[in-house]
Amino acid sequence: MGQFDPELIARVRSASRCFVREHGFLLKTLAGTGHSPSAVHAIIEIGNSANLTARDLAERLNLEKSTVSRLLRSLECREEISGLPNVEDGRSQILFLTDKGWAVYKKASQFAENLVQNSLSLMHGVSAAQFADAFSAYADAMYVARTGKRPQSAQLDIVEGYQTGMIGDIAAMHARTHSEIIGAGPRFESVLTKALADFVPRLSSPNNNTWSVLENGRVVASITIDGEGLGNEIAHLRWFILEPHLRGIGLGKELLLRSLD
C-alpha cells in the first residue's frame, strides 16, 4: 500500500466532508423527497439494478441486514417497493419499485442531476471528463478496500486475441509500473513495444494466445502465452499485468487460470 503526503490526505478528507454536506446527507430527508438518505439510496439502487435482493442491497449500501430489513418494511408500508420470489433462492425476493417508488426515484434523480450539472459548470482547472474518471476510480477503490470485490461500476470482461490498441496499452502499463519500481526508462519501453509488435502477428498460430480486460475500450489488464518464442513446444507466459485499481480483486487469478488452461 502506497504512502501519501498527509496534506494530500487532508485535502481529500476535507473535500469528502464538503461533498457529504452539499448533497444534504446530514439532513433528516434528502433531495426534497421527505425520505431519509438511506431510503433514497435504497430506492435509487433498486431502480438501477435488476435481480437485487435484500442481501445485495445491504452490501451495496454498507448497512446491517437488520437495518435494511427495517428500511424495506418502511418502503413497503409506503407502497413504494414490492418483491417477487427469487427463482434461484426461495428464501429471498427480488426487489422492484412500484409506481410510487418510481416517482420518488425520478424526483431524487432530477435533484442529483441538477446539482451535478450546476457544480460541473462552475469547476475550473480540470475537465468534467477527467473529474468523472478520477472520482469514479476513487469510489471504486473505496468499494474494493471495504469488500475486496470487483468494483460495482466496472464493466470488465476478459476477451481473447488481438484487441485494437493493445500493443500501446500493454507497453504503457509495463512502462509506468516498472518506472516506479526500478526506474525503467525509454529503452525498456522501446524493447517491450518491439517485442509486443513482433508477437502480435503470430497470434494466428494455435500455440499462441493473449487475454485482455477492456475498460472503456482500453486494455487495462493482460496476459499472454507465447508457444513459439522459446521453441521446443515450451509455453512462455508473458506480459502479465493489471492496472493498479484492478489488483487484489481476483481478476489476476482469473487471467492466470485462462492462460494455464
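Residues are classed as buried under 20% relative accessible area, exposed over 50%, and partly exposed in between (1.4 Å probe, protein chains only). The model is predicted, so local features need pLDDT of at least 70 and side-chain atom pairs count only at pLDDT 80 or more, while totals for chains, interfaces and linings use all residues. Residues are numbered from 1 along each chain as its sequence is written, and side-chain values use heavy atoms, with hydrogens and water left out.

The protein chain contains 9 helices and 6 strands (DSSP runs of H or I with at least four residues, and of E with at least two, numbered from the N terminus). Of its 261 residues, 34% count as buried.

The search of the whole structure finds 8 salt bridges, each defined as a side-chain nitrogen of Lys or Arg within 4 Å of a carboxyl oxygen of Asp or Glu. One of them joins R60 and E45 at 2.9 Å, N to O. Because R60 lies in helix α3 (residues 54–61) and E45 in helix α2 (residues 37–48), this pair ties together parts that are 15 residues apart in sequence. R60 is partly exposed, at 27% relative accessible area.

D226 and R202 form a salt bridge of 3.0 Å, N to O. D226 belongs to strand β5 (residues 218–226) and R202 to the loop between α8 (186–199) and β4 (209–215), 24 residues apart. D226 is buried, with a relative accessible area of 0%, whereas R202 is partly exposed at 25%.

R218 pairs with E243, the closest N and O atoms being 3.0 Å apart. R218 is partly exposed, at 34% relative accessible area, and E243 counts as buried at 10%. Salt bridges with shared partners join R202, D226, E228 and R238 into one network.
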